Amino acid sequence: MSTIVEAPGEWTIVDASTRRRILTHSPEMMVVEVEFQPGGCGAAHSHPHLQATYVRQGIFDFTIAGKTRRVTAGDSLLVPSEAVHSCESATGGTLIDIFTPAREDFL
């Protein structure tokens, strides 16, 4: 049975410059908002989930499987399952991440 989330969840502090909240989720998919302060970064990591990211605001440098790409508001990208990836915010900003299946570690 899928879960319906009527409103965004509470903010989770990731570190001193990053916070996230779950916007909605089901076992099959999760939508997460992530806010970064200038210079904030997502450390290199991988996970089994397919990830799509939309840049709502700001400028970010994403490294995916060893290749770095600068993205700005309105851009999107895909992170393949198990690909090592990281990001750094040049300006501060907001990302919308979509994971399939849902990130149970975020619940």
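Author: Happy to! Let's start at Cys87, which is buried, with a relative accessible area of 8%; buried means under 20%, exposed over 50% and partly exposed in between, using a 1.4 Å probe and protein chains only. Please keep in mind that this is a predicted model, where local features need pLDDT of at least 70 and side-chain atom pairs count only at pLDDT 80 or more, while totals for chains, interfaces and linings use all residues. Residues are numbered from 1 along each chain as its sequence is written, and side-chain values use heavy atoms, with hydrogens and water left out.

Searching the whole structure turns up 0 disulfides. Cys41 itself is partly exposed, at 39% relative accessible area.

Cys87 does touch Leu95, whose other contacts beyond four places in sequence include Val32, Phe60 and Phe62; contact means heavy atoms within 4.5 Å. Those names return in the largest nonpolar core, which has 18 residues: Val32, Phe60, Phe62 and Leu95 have the most contacts inside it. Such a core is a set of buried Ala, Val, Leu, Ile, Met, Phe, Trp, Tyr and Cys residues joined through side-chain atoms within 4.5 Å. Strand β3 gives the most to this core, with 4 residues; strands are DSSP runs of E, at least two residues, numbered from the N terminus. Val32 lies in β3, which spans residues 29-36, and is buried at 0% relative accessible area.

Notes. Disulfide = S-S within 2.5 Å.
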